[in-house]
Amino acid sequence: MKPRPVFVVAAVLSVIVAAFARFVLLEDTPPTFTVSGIQAGHVVVPPGQIVVSASDGISGVGEVVALVDGELMVVEGEGDERRVLLPTRLGDGQHTLVLLVRDRSWNRNEARSKLEFLTDSSPPRFRLAPSTQATQGRVLPIFLSADEFARDVEATAFGRPLPLEKRDGIWFGVTGVGVSEEDGELVITAEDAHGNRGERRLPLPVTPTVFPDGGVVTLDAQRQKNQKDDTLRAQDGEKRSAAYAVPQPTWLSAGTAHLPTEGRVSSPFGKVRTYNTGVVRHHLGTDIAAGQGTPVFSAGAGVVALAEGLPIHGNAVVVRHGPSLSTSYNHLHSIAVEVGQRIERADVVGTVGSTGQSTGPHLHWGMVAGGVAVAAETWLDTDLLTPIASDRAALEAPWTAP
Ligand SMILES: [Zn+2]
């Protein structure tokens, strides 16, 4: 007997349906997937994107669920390739990503993976040595530590450039606090190893200094005329400014200063003087009274940037000790060095005299730090390039999470 066609069709259909049910709807093989854009233990700089490439040969890739630290993430795309968007607000540190990839079968077979990763979206942070004390008319050594690797570090202090260098894990530089300086800040721009570049601001409160009153200084007729001569002053100022601006990229001087000449401090730095011309001015140097011809030594190692006679400062020598530190020796009787000469600490630069705008033999010892005149004598007992032990310990202390 020949079977009726309808049964043949039904039998064939049932075989097809059964096969479909067995191999497609009731299959029990989970999908497989790979993840790109992230690696376990590696650093991600958000906003990031993780690409999930999945495949399921039988029923096809269905739902993809992504959780970061237990929170559901947005998953975009369809089919075999999905994108997980990492939130920008993800804080720096360690995170856990859980991925669930399901197929389209009735069983919703699921593959899952768990991955630990790190994020870093913050530029380096900086910490200032606790003993840092900005005082009017004083040199200000700066010691800093960073919470991570930092490159292309640029800084200003009180709005003036502050060259910084790194030694033994500590960033250092030298600046100065002007005689009328007001509270300021240190602004540091740096980039970390992952390209996060940004600016950090640290306050630099200024302690005022009450400078002694120097009374009235009587200048003779010629010196009165010189003091009022703007051309002479400008000539003096230009030469000196140019000397202080001579590039000196490396530090040549370490430790404390050598006292430039033996003698009595006849006028301390910052003293307010009233001249018989009516001019009132801070005395921007330290005067050491000594006999004419007494040797004058360089306070530290450096390169001579000026060695010539000036109308106001007389025979003057400027020595550059580092990127932001210079000293000057003025009213000299004789000059013993030449511009460009490399000298050591305590080398003779000239002899005491009374040249220029001076009322008797003395050394006017000056210091310019970070672009402003400061009291040179601070350098006699302060190592400007080495932090004290307690500062080093504080700078090296562990950082808290950002
Ligand atoms: Zn002086």
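Which exposed residues does the face of H3 turned away from its buried side carry? I found Asp 230, Thr 231, Ala 234, Glu 238, Ser 241 and Ala 242 there. I call a residue buried if 20 or more other C-beta atoms lie within 10 Å of its own, exposed if 12 or fewer, and partly exposed in between, with C-beta atoms placed from the backbone.

Before going on, I noted that this is a predicted model, where local features need pLDDT of at least 70, side-chain atom pairs count only at pLDDT 80 or more, and totals for chains, interfaces and linings use all residues. Residues are numbered from 1 along each chain as its sequence is written.

**Entry: helix H3.** I looked up H3 at residues 230-244; helices (H or I, at least four residues) and strands (E, at least two) are DSSP runs, numbered from the N terminus. H3 has 15 residues and reaches 21 Å from its first C-alpha to its last, close to the 21 Å expected at 1.5 Å a residue (1.5 Å times one less than its number of residues). Its buried residues are Asp 236, Arg 240 and Ala 243. They sit on the same side of H3 because they cover an arc of only 55° around the axis, taken from the directions from the helix axis to the C-beta atoms. An α-helix has 3.6 residues a turn, so residues three or four places apart point the same way. The cover over the buried residues of H3 includes strands S26 (302-310) and S27 (314-322); contact here means C-beta atoms, placed from the backbone, within 7 Å.

**Entry: positive phi.** I checked two residues. Arg 108 is not a glycine, yet its phi is positive, about 50°. Arg 108 lies in the loop between strand S8 (93-103) and strand S9 (110-119), and counts as exposed because it has 12 C-beta neighbours inside 10 Å. Asp 152 also has a positive phi, near 50°, but lies in strand S13 (residues 151-157).

**Entry: cores.** I looked up the nonpolar cores, sets of buried Ala, Val, Leu, Ile, Met, Phe, Trp, Tyr and Cys residues joined through C-beta atoms within 7 Å. The largest has 64 residues, and those with the most contacts inside it include Val 139, Ile 142 and Tyr 329. Strand S12 (residues 139-146) gives the largest share, 6 residues. A second, separate core of 14 residues includes Phe 33, Ala 54, Leu 97 and Val 101.

Technical notes:
Contact = placed C-beta atoms within 7 Å.
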